[in-house]
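Hi,

Here is the structure I promised to send you. Have a look at it first, and then read my notes below with the model open beside you.

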Amino acid sequence: MSNTPLPSISADVLARARKIKLFLMDVDGTLTDGGVCLISSTVVGGDGHSSVSEMKVFNAQDGQGLSLAHTMGIQTGFITGRSSPAVAKRAEELKVTFVCLGQAKKMQAYEDCMRKAGVTEDEVAYMGDDLPDIPLARRAGLSVCVADGVPELKAVCHYITQRVGGRGTAREVIELILKAQGRWEEAVPLALA
């Protein structure tokens, strides 16, 4: 165990976090605050439709956490219902292992990520904020709901973050995992490099 204390974390959550090798997460409401900003252009394309761009705001601490997870050998993945070039770009920047966009039902993507990563369900952490995340949370070895997630998801999760969606929740979970695994002190200098 790390020298950095985790006083408010249950022994069960710490035991689950020690096993994690793959961290999968929802995007909207989890890595973002849940707002969807659509920017409409008045320029009409050749097909007669105006173009619409989507804007997402990501937290820099989440970015540092996901980068650190990659450095420390924890695979990561996004499973989201929306198809978003902004999410794909952010995933590329952070070297996110699995990027599953446009997933109306997320279970198939979850199973594909687990199979490709070569891990068991005990070795998967999953974080979400809303009703479509419940089936995945029920299967993950460590299920996490963001602080402002829906009560139905909170009821089935092992851990509820201190932070709200879009405000460093992924970083909080990665730090929890690395501390539970006794690897946080090893990770910190790698983030500073």
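Lysine 95 is exposed, with a relative accessible area of 52%; exposed means over 50% relative accessible area, buried means under 20%, and partly exposed lies in between, with a 1.4 Å probe and protein chains only. You will find lysine 95 in the loop between α3 (85-93) and β5 (98-100). The phi angle of lysine 95 is near 60 degrees, which is a positive value in a residue other than glycine.

Two notes on how to read all this. This is a predicted model, in which local features need pLDDT of at least 70 and side-chain atom pairs count only at pLDDT 80 or more, while totals for chains, interfaces and linings use all residues. Residues are numbered from 1 along each chain as its sequence is written, and side-chain values use heavy atoms, with hydrogens and water left out. As for the names, helices (H or I, at least four residues) and strands (E, at least two) are DSSP runs, numbered from the N terminus.

Now compare another lysine. Is lysine 179 buried or exposed? Lysine 179 counts as buried, at 7% relative accessibility. It is found in helix α7 (residues 169-180). The side chain of lysine 179 makes a polar contact of 2.8 Å with the side chain of glutamate 175. (A polar contact is a pair of N or O atoms within 3.5 Å; within protein, one must be able to donate a hydrogen and the other to accept it, and residues adjacent in sequence count only if both atoms are side-chain atoms.)

Next, the sheet. In what order do the strands of the open sheet stand? The 6 strands follow the order β5-β4-β1-β6-β7-β8, with parallel pairing; two strands pair if DSSP finds at least two bridges between them. β5 and β8 (159-160) stand at the edges with a single partner strand each, so one side of each has no neighbour in the sheet.

Let's walk through some of the strands:

- β1 (residues 22-25) pairs with β4 (residues 75-79) in the parallel sense over 4 bridges, and methionine 25 has phenylalanine 78 in β4 as its bridge partner.
- β1 is also joined to β6 (residues 124-128) by 4 bridges, and these two run parallel. Leucine 24 stands opposite tyrosine 126 in β6, and phenylalanine 23 has alanine 125 as its bridge partner there.
- β6 and β7 run parallel and are joined by 4 bridges, with cysteine 145 in β7 as the bridge partner of glycine 128.

In a regular strand the side chains alternate between the two faces of the sheet. β1 is covered on both faces: Leu22 and Leu24 on one side, and Phe23 and Met25 on the other, are all buried. β6 also has both faces covered, with Val124, Tyr126 and Gly128 buried on one side and Ala125 and Met127 on the other. Because 5 of the 5 residues of β6 are buried, this strand is largely enclosed by the rest of the structure. Over in β4 sits isoleucine 79, which is buried with a relative accessible area of 0%.

In soluble globular proteins, nonpolar side chains tend to be buried together. Here the largest nonpolar core has 34 residues, and those with the most contacts inside it are Phe23, Met25, Phe78, Met127, Leu142, Ile177 and Leu178. (A nonpolar core is a set of buried Ala, Val, Leu, Ile, Met, Phe, Trp, Tyr and Cys residues joined through side-chain atoms within 4.5 Å.) Which element supplies the largest share of this core? That is α7, with 7 residues.

Happy exploring, and write back with any questions!
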